[in-house]
Amino acid sequence: MEKFSAYRDPGTGIQPFLTPVPPLGSELLAKLTLPLRYTLAVVRTALVILLASIYVVLVKGLFLLFSPIPPLYRLIDHLSTYLIGRATLFILGLYWIPVEQFNRKRVRGPKIVEKWNPRAGDIIVSNWASWIDIVWFAIQFNPIFVLPVPESLPEPTVASRASTPVSHTPGRRTGTGSANIQVPSRTVIPRIPISGFRQFSLLSMIAQTGRVPPYGSGTELRSLEEIRQNASKPVVVFPECTTSNGRGLLRFADVFRQTVPVKKYQVFVVSIRYDPPTDLAPTLTHTIPSRILNPLLHIFSLGAALSFSQMSIRVLAPSESPSSQLFMAHEVLSDYTGEDQLSETCGHLIAQMGKLKRIGLGWEEKSNFLDFYKGKNR
């Protein structure tokens, strides 16, 4: 959409904030099956709401009776979260989620599968494209989720009507089509430092998907190191600070301000990718939040699918993690002069693992994009 061209990354031509749509083609089958798809959507959405209600009653209600015995409570909490979360994804068509170990260095012979077992106080770093990411992490690790609190809010910017060419032009240089993409020039938004983090529960974290900092109320503001030191579970951090549509990796914020290799804790790096949408299977990514009951409308759209998109997950081998004492920082940080080596390293690794292009837009630009999007849709 040309009206959102100001939010296209000038280096790659990617628009990371718009919801992906199916390729142009025949929509006859989608229209003919509309009554059936709406019926399925109602049934599946109702089942998801039922499961969420059971989760609240059990995990946030009845099972709190076991909280005086922390190990037992964590076991019951994780088991319940696994069963309810896995059933939710199954209802929405995610019957199997492949997880593959990624090794940066090629080795001869069969690949050795290393144990991937984050413990209390360890950090899991991942890109973020959907609330489904949150559910998968909850199923696997039942971790602590944190979201950033910036020092200030981005200044509103207005895109001018002047156009500048994208520096990278995919396709043939014919002057037409994708080779002649023009984007309105925009004011460069300065990066805003992160002052701290707040913890969020599973359901609260899901409700925040697609939004931008500062997020809704969570626990008190604390540093990431303080949260990590007092954690009884692994801590999941999304350095993008918001969701993209999965077509590129947003600019990472300086959330760690940590050198590499890390010595105080283990760092586990994850890259998540989603299949593109089709006429009968909407995108699993969720970048534009609903105004009320987010992400219920997205769940309804997924419930209407007759075929299903898939997600694939790659996890970095722990021996090649930024917390491995054998990690060669100069291989990744040769040209880096910033203050957060760990954040930059994770960004490089996630892009390499998921074959994602790194783009120059961050949560600050998305904040302005959402303001512009809401204004256009009033």
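1. A word on terms before the pocket itself: on a 1 Å grid over the protein atoms alone, a pocket is an open set of points with protein on both sides within 12 Å along at least five of seven lines, whereas a cavity is a set where a 1.4 Å probe fits but cannot get out. Lining residues are those with an atom within 4 Å of a point. Grid points are joined across faces, edges and corners, and the volume is the space filled by probe spheres set on the points. With that in hand, the largest pocket holds about 750 Å³ of space. Its lining has 30 residues, and the closest to the centre are Thr19, Leu297, His298, Ser301 and Tyr373. Two elements, helix 7 (296-303) and helix 9 (363-376), each give two or more residues to this lining.

2. Please keep in mind that this is a predicted model, in which local features need pLDDT of at least 70, side-chain atom pairs count only at pLDDT 80 or more, and totals for chains, interfaces and linings use all residues. Residues are numbered from 1 along each chain as its sequence is written, and side-chain values use heavy atoms, with hydrogens and water left out.

3. How confident is the predictor? The pLDDT, its confidence in each residue on a scale from 0 to 100, has a mean of 88 over the protein, and 89% of the residues reach 70 or more. The stretch to treat with care is residues 159-184, where the pLDDT is below 50; this stretch still has 46 contacts in the model beyond near neighbours in sequence. A contact here means heavy atoms within 4.5 Å.

4. Now the overall build. The protein has 9 helices and 9 strands, taken as DSSP runs (helices H or I, at least four residues; strands E, at least two) and numbered from the N terminus. Of its 378 residues, 50% count as buried, the classes being buried under 20% relative accessible area, exposed over 50% and partly exposed in between (1.4 Å probe, protein chains only). Among contacts between residues at least 6 apart in sequence, 80% join residues at least 24 apart.

5. The unreviewed UniProt entry lists residues 41-67 and 79-99 as "transmembrane region"; such positions are given in the numbering used here, feature names are shortened, and annotations may be inferred rather than shown by experiment. In the model, residues 41-67 are 70% helix and 0% strand, with end C-alpha atoms 37 Å apart. For residues 79-99 the figures are 62% helix and 5% strand, with the end C-alpha atoms 20 Å apart.

6. Leucine 36 sits in helix 2 (residues 34-59). This leucine counts as partly exposed because its relative accessible area is 47%. Leucine 36 and alanine 305 are 269 residues apart in sequence, yet their C-alpha atoms are 9.7 Å apart in space.

7. At 64% relative accessibility, leucine 293 is exposed.

8. Which other peptide bond is cis? The one from proline 213 to proline 214, with omega near -5 degrees. Proline 214 is in the loop between helix 5 (202-207) and helix 6 (224-229), and glutamine 208 lies in that loop as well. Glutamine 208 is buried, as its relative accessibility is 12%. Leaving aside neighbours within four places in sequence, glutamine 208 contacts Leu147, Phe200, Tyr215, Gly216 and Asn294.

9. Lysine 355, between helix 8 (341-354) and helix 9, has a positive phi near 55 degrees and is exposed at 64% relative accessible area. Valine 255, between strand 7 (235-237) and strand 8, is buried at 7%. Among the residues valine 255 touches, not counting those up to four places away in sequence, are Ile194, Phe197, Leu224 and Asp340. Aspartate 340 is 85 residues from valine 255 in sequence and 7.6 Å away in space, C-alpha to C-alpha.

Notes
pLDDT is the predictor's confidence in each residue, from 0 to 100.
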